[in-house]
Amino acid sequence: MDRSGIEAVKARINISDIVRRYVDLKPVSGRWMGACPFHQETKPSMSVNDEEGFFYCFGCQASGDVIDFYGRINGLEFREALEQLAAECGVELGNVPHDPHAAERKARMQILLDMHDEANQFFQRNLSLASGDHCRRYLANRGMTPEMIAKFGLGYSPEDWHGLDNFLRTKGRNPELGVEAGLLSKNEKGNIYDRFRGRLTYPIQNLSGRVIAFGGRIITEGEPKYLNSSDTPIYKKGDHLYGLNLARSTMTRTKRAILTEGYMDVISLHQFGYTDSCGVLGTALTADQVKRLAGFCSRVDLVFDGDGAGRKAAMKSSRMILLQGVACKVVLMPDGEDVDSLLQTRGAEGFEACMNEAPDGLTFCMNTLREQYAPRDIMAWAKSFLSELSDASLRAFYLPRIASGLGLSEADFRRDAGAATPQQRNPRHQPRQTQRVEQQPGMGVGKDFADDRYFLRFSIQYPDYVPELAKRGMTQVLRTPWAQALWTKLETTQQGQVTSLLNEQEKGFYIQCREEFRENVLSGRELLEEWNHICHTIALEQEKLDKRQLTEAIRQAQQSGDTERALQLLALKESRRRDDEQH
């Protein structure tokens, strides 16, 4: 990863300018405060620090720099978020060392995006021509308004084997590139022809609003009824969601996403005011799609048909969403109805009735397990669910609810599921500062972690002391690999640039410490006492280490038969013991 590029992006962009696009920020005591968009919140629980370039939520502990925020709220991986922000602020990112063809591939992907824009223009123009009359009638009969047709960019691909192909040729596009883009198809004989023919077309857009693929519904007789773009260099159907680019702004306000299956279902939901709706793209819901949604909302309302297939899909999707720590509801349509037909016949009131009856995702799963699964399958599902939770706090949240939902003893279930109660902490000393910083997921528990967090917190909050702490032997008091790794970064990295080197857990802890520092700054006598306490603790740890090393040296001398050396070391040990007693 290009560290210089990361620092350049962060230097050119104020994090508050990016956050303000999604959150109403107000100045409070030298920082910005607003309602956190990553959990259900109405009060200003999120702090945005322009000076140090990070955000932190006191409610859900979400934190990070401007790249983290942009990626999380837009459902992007770190590299993708970095590239978009770099393009926005004019920073040239260096090529990733193992990818010497990055520039060539980027240029090729730009061509594929341009071709999709051209194809979209072709389809939309055809919908307005005489050849698109029957497609326009179809949309009118389905209750689609001109506003919705324009909003979603619907079009029509004529019954022509080479209509789009010929149009793209006029733009100077190579047919082979059209095949790579997924706009054209190529048979075994090498003949190239239009992929979408005689179909209503639904452009699929990424979060930036660029068309990256199409869905097509047959208007006349023919199979398949729906035809979707295959995966291409610019499109992976398991990553994207239909209409998400249009729905995300509402999702960040409502903190809810309505997720359904059909293109027309999504459009109808928007037409009836549910503008936080999006849809899966011809495949089962994926973990990547859930992560994208989680960047915008804290609850997903799943809308499925009420038949067996719909219930099965709802069960699988609910589980996937719950594993991400996102709440969900399961909205099942009445027999013979889908979202579109229900809205067109019964309106928003009919849909709201179904929404009000919808159980939450975990309750739906528990009910389905009890009604349809064998006991051994129920326990296998429950154990598997808990084992796949990476966050210990989520396991603590779900375990009693699952036990109760299945009618099990929580203690027995906890034992059978291998989720014993964590041991109580027993710190080897009581830190003088108030222990306010909460534990980050993945950092571990126990006295060693608690003590390590105490020492590292001081180092993060008072970085001017880091060189002296290093000289005094800070590494001697840190017990855990996590703490040793973080300390190395603090010790060897220039102040202000360390966050770019931290992993997710380290960065979360670092930002928490810096944010808490604003609320509880030590100075004068208090700071001196704290510093003396830490130095004294380091000295004690050094003494313990010296004693262990001396004892080991005595043991080795005795084992090797070096009596003279053993006696000298024993005398030294006794001398140190007397000195300790005198002091």
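Lys507 is buried, at a relative accessible area of 9%; here buried means under 20% relative accessible area, exposed over 50%, and partly exposed in between (1.4 Å probe, protein chains only). This is a predicted model, in which local features need pLDDT of at least 70 and side-chain atom pairs count only at pLDDT 80 or more, while totals for chains, interfaces and linings use all residues. Residues are numbered from 1 along each chain as its sequence is written, and side-chain values use heavy atoms, with hydrogens and water left out.

The partner of Lys507 is Asp65: the two form a salt bridge whose closest N and O atoms are 3.5 Å apart. Asp65 belongs to strand β5 and Lys507 to helix α22 (residues 504–519), so the pair ties together parts that are 442 residues apart in sequence. A salt bridge is a side-chain nitrogen of Lys or Arg within 4 Å of a carboxyl oxygen of Asp or Glu; helices (H or I, at least four residues) and strands (E, at least two) are DSSP runs, numbered from the N terminus. Asp65 also counts as buried, at 3% relative accessibility. A network of salt bridges links Lys10, Asp65, Asp68 and Lys507.

The structure holds 29 salt bridges. Another of them joins Arg256 and Asp276, with the closest N and O atoms 3.0 Å apart. Arg256 sits in strand β12 and Asp276 in the loop between α11 (263–271) and β13, so this pair connects parts that are 20 residues apart in sequence. Arg256 is buried at 17% relative accessible area, and Asp276 is buried at 1%. A further salt bridge, at 3.2 Å from N to O, brings together the side chains of Glu83 and Arg79. These two residues are four apart in helix α4 and are therefore separated by about one helical turn. Glu83 is partly exposed, with 40% relative accessibility, and Arg79 is partly exposed as well, with 22%.

The helices also show how burial is arranged around an axis. In α6 (residues 133–141), the residues Cys135, Tyr138 and Leu139 are buried. Seen down the axis of α6, they fall within an arc of 95°, so they line one face of the helix; the arc is that of the directions from the helix axis to the C-beta atoms. Arg137, Ala140 and Asn141 are exposed on the other side of α6.

In helix α12 (residues 287–294), Gln289, Val290, Arg292 and Leu293 are the buried residues. Their arc around the axis is only 155°, which puts them on the same side of α12. They pack against α4 (78–89), α10 (244–254), β12 (256–260), β13 (277–279), β14 (299–304) and α13 (308–323).

Several loops hold backbone angles of note. Most residues other than glycine have a negative phi, and most peptide bonds are trans. Gln61, which is not a glycine, has a positive phi of about 65°; Gln61 lies in the loop between β4 (54–57) and β5 (63–65). Lys255, in the loop between α10 and β12, has a positive phi near 60°. A cis peptide bond, with omega about -5°, joins Glu223 and Pro224, and Pro224 is located in the loop between β10 (211–218) and β11 (226–228).

As for the whole protein, it comprises 24 helices and 15 strands. Of its 583 residues, 48% count as buried.

Notes. Contact = heavy atoms within 4.5 Å.
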